[in-house]
Amino acid sequence: MYICLCKGITDTQIRETVLNGSATSLGDVQNQLGVGSQCGGCVESADQVIQLALAQLNKPHVMEPMAAKLFYPLLST
Ligand code: FES
């Protein structure tokens, strides 16, 4: 989904910039992708995507139920 229409930047691009470790703030994303550099109407939405990606980075990895069944079949019965 497009977040920044002026620059044609999607939520996926913003999320990947954060998840690959090259951005940790709105300023970083603005510098790297140009988000919010024209009308500024996307800044709030871009920041929400960034915050969600940062939360995803900081969240401990929880095994999905299907993966748990594959790796621990005896425990899931
Ligand atoms: S929509 Fe992002 S700068 Fe205009």
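Helices (H or I, at least four residues) and strands (E, at least two) are DSSP runs, numbered from the N terminus. By this reading, the protein contains four helices and two strands, and along the sequence these follow the pattern β-β-α-α-α-α. The structure is a predicted model, in which local features need pLDDT of at least 70 and side-chain atom pairs count only at pLDDT 80 or more, while totals for chains, interfaces and linings use all residues. Residues are numbered from 1 along each chain as its sequence is written.

A residue is called buried if 20 or more other C-beta atoms lie within 10 Å of its own, exposed if 12 or fewer do, and partly exposed in between, with the C-beta atoms placed from the backbone. Of the 77 residues in the protein, 21% are buried. Two residues are in contact if their C-beta atoms, again placed from the backbone, lie within 7 Å. Among the contacts with a separation of 6 or more, 48% join residues 24 or more positions apart.

Which residues of H1 are buried? They are Ile14, Thr17 and Val18. These residues lie on the same side of H1, because they cover an arc of only 95° around the axis, where the arc is that of the directions from the helix axis to the C-beta atoms. Just after H1, glycine 21 takes a positive phi of about 85°.

The next topic is how H1 meets its neighbour H2. Two packed helices are described by the angle between their axes and the distance between the axes. For H1 and helix H2 (residues 26–33), the angle is about 115° and the axes are 11 Å apart. Here the axes are lines fitted to C-alpha atoms, for helices over the stretch in contact, and angles run from 0 to 180 degrees between N-to-C directions. The crossing of H1 past H2 is right-handed; a crossing is right-handed if the near helix is turned clockwise from the far one by less than a right angle, and left-handed if anticlockwise. On the H1 side of the contact are Gln13, Ile14 and Thr17, which meet Val29, Gln32 and Leu33 of H2. The residues of this contact comprise three nonpolar, three polar and no charged. In this count, Ala, Val, Leu, Ile, Met, Phe, Trp, Tyr, Cys and Pro are nonpolar, Asp, Glu, Lys and Arg are charged, and the others, Gly among them, are polar.

Within H2, two residues can be set side by side. Valine 29 belongs to H2 and is buried, because 28 other C-beta atoms lie within 10 Å. The contacts of valine 29, leaving out residues up to four places away in sequence, are Ile14, Thr17, Ala23, Val35, Ala46 and Ile50. Valine 29 and threonine 17 are twelve residues apart in sequence, and their C-alpha atoms are 7.2 Å apart in space. Aspartate 28 is also placed in H2, but with 14 other C-beta atoms within 10 Å it is partly exposed.

Helix H3 can be checked for length. With 1.5 Å a residue, the 16 residues of H3 should span 22 Å, and this agrees with its end C-alpha atoms, which are 22 Å apart; the expected span is 1.5 Å times one less than the number of residues. Ala46, Val49, Ile50 and Ala53 are the buried residues of H3. They cover an arc of only 100° around the axis, so they sit on the same side of H3, and they pack against E1, H1 and H2. On the other side of H3, Glu44, Gln51, Ala55 and Asn58 are exposed.

Alanine 53, in H3 (residues 43–58), counts as buried because it has 21 C-beta neighbours inside 10 Å. Not counting residues up to four places away in sequence, alanine 53 touches Arg15, Val18 and Leu19.
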